Amino acid sequence: MAHPDLSPTAGSAIEPWQQTQQAGPATQILTDRERASADAGIGRRVGENLWEMFVVFDPAQALQQQFDVRAEPFIALHDVGTTVSRRWLAEIASAHLLPVQKLVIRSQGYGVALATIEFVELPVDGAAPLRLYSTDADADSRQRQQLARVLLGASRLGAVLVGDLPAHALAAALRPLHDAVVAGPWRNRELLLLPLSGSGVLAQQADRLGAGTMVHTRVAPTVSRGEEALGQVVAVWNQLHQPLGSHGGVGPTITLSVTRTHAAPSAGTPPAPPAARAGVLPMQPMPDPKASARAAGSETASPLQRYVQRCLEVKGMVSCCVFEPDTQRTLAFAGARPGPAALASHGSALCAALGTASRGLGLGAAAPEAAITLAGHFLVLRPVPQHPGLVLHAVIDRSSTPLVLALRHLERLDEVLAAS
């Protein structure tokens, strides 16, 4: 006689389709505390400064879907021709005693981290905290670009940190941003350009960036640290949310404030001063662009860094780096994206492929030097003079200059290293 638990009765029989359904996770009922946490922002809080979001498809697409459903107001800090947004975010958090929080996007069912996004929650008088995201996500290069586009496009205010780029490189660096605005979806209507050095062409490029779109662009004075950038962002945010201003229909007046708190002193530590009252984040004084430029120019740079900075003078140069092919270690970088890690990684792969081909053809194993023509760009690999084992990987806009002229310009810049 069969065991009662295994008898095929109507009440106990297990059909194959039921087994398939049972393989998935059970439906979770959120507690009041978990529901309150879910309402606080994108993601679910799982730690003091850690949030998680599980997705079943592309992280950027899932994040876009969340922003479309929730319409959460936030500010995005984005890099163009620089990589300081995450560092400045940490500086802002430290200056105002705010934790840097992380939103980890994981694969549903596996728990694998697909991307990590850092942000700070800025206290707001009479309203929920306002998130300040860095768009420089910790993810693979393709996902990083897509997540940055989603964050900037869904933000209420986009703060774009613009590096020290010559006119042609600046135009090339801003072109993908303009294309993203035109392609959509793009809910953002305000872009604040924050130059890291005095650039007379940025205002003109800002007009081109917003041309033919509903996005309003403005250029702030030069900033050299996170606090200065935050001061400009706060000033613009408050202006946008004045009830009688030109954007009075956006929403209620929001005044950013920062509560300065102090941890309890440990034994033997002098008592900390009393916590300051929560108040309006002070407006930062307008920095002197000339003073900032002088300060930047006074900083000592390595010969290799001066070399790559001069490489930006090559017409059409987008970005370049000096790296070690064996270790993929970047020694100097200048320009916009692709960034140093991508240039070093793919440059090392190209050098390895060229070396293999050269040895296979019996042509020796000398340091490779190559110029590769792509649809819209040239890739240039050449040994760095007087620095054995180092290679320059440069990306040049094909529509801006002939390859021959670009190579001749790079050859003339060899004198920069010779004079160092």
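# Questions on a predicted model

Author: The structure holds 14 salt bridges. This is a predicted model, in which local features need pLDDT of at least 70, side-chain atom pairs count only at pLDDT 80 or more, and totals for chains, interfaces and linings use all residues. Residues are numbered from 1 along each chain as its sequence is written, and side-chain values use heavy atoms, with hydrogens and water left out.

Reader: What makes the contact of E118 and R86 a salt bridge?

Author: The term requires a side-chain nitrogen of Lys or Arg within 4 Å of a carboxyl oxygen of Asp or Glu. For the side chains of E118 and R86 the N to O distance is 3.5 Å, so the pair meets the definition. E118 lies in strand β5 and R86 in helix α4 (residues 85–95), 32 residues apart, and the pair links distant parts of the chain. Helices (H or I, at least four residues) and strands (E, at least two) are DSSP runs, numbered from the N terminus.

Reader: What is the confidence in the protein chain as a whole?

Author: The pLDDT is the predictor's confidence in each residue, from 0 to 100. Its mean for the protein chain is 76, and 75% of the residues reach 70 or more. Over residues 1–39 the pLDDT is below 50, and this stretch has 17 contacts in the model beyond near neighbours in sequence; contact means heavy atoms within 4.5 Å. Residues 244–254 also have pLDDT below 50, with 15 contacts beyond near neighbours in sequence.

Reader: Why are α3 and α5 called roughly parallel?

Author: Axes are lines fitted to C-alpha atoms, for helices over the stretch in contact, and angles run from 0 to 180 degrees between N-to-C directions. Angles under 35 degrees count as roughly parallel, over 145 as roughly antiparallel, 65 to 115 as roughly perpendicular and the rest as oblique. Helix α3 (residues 59–70) and helix α5 (residues 141–154) pack at about 10°, with their axes 9 Å apart. The two helices are therefore roughly parallel to each other. Among the residues making the contact are L63 and F67 of α3 and L147 and V150 of α5.

Reader: How do you know that β5 and β6 pair?

Author: Two strands pair if DSSP finds at least two bridges between them. Strand β5 (residues 113–124) and strand β6 (residues 127–134) have five bridges, in the antiparallel sense, so they pair by this rule.
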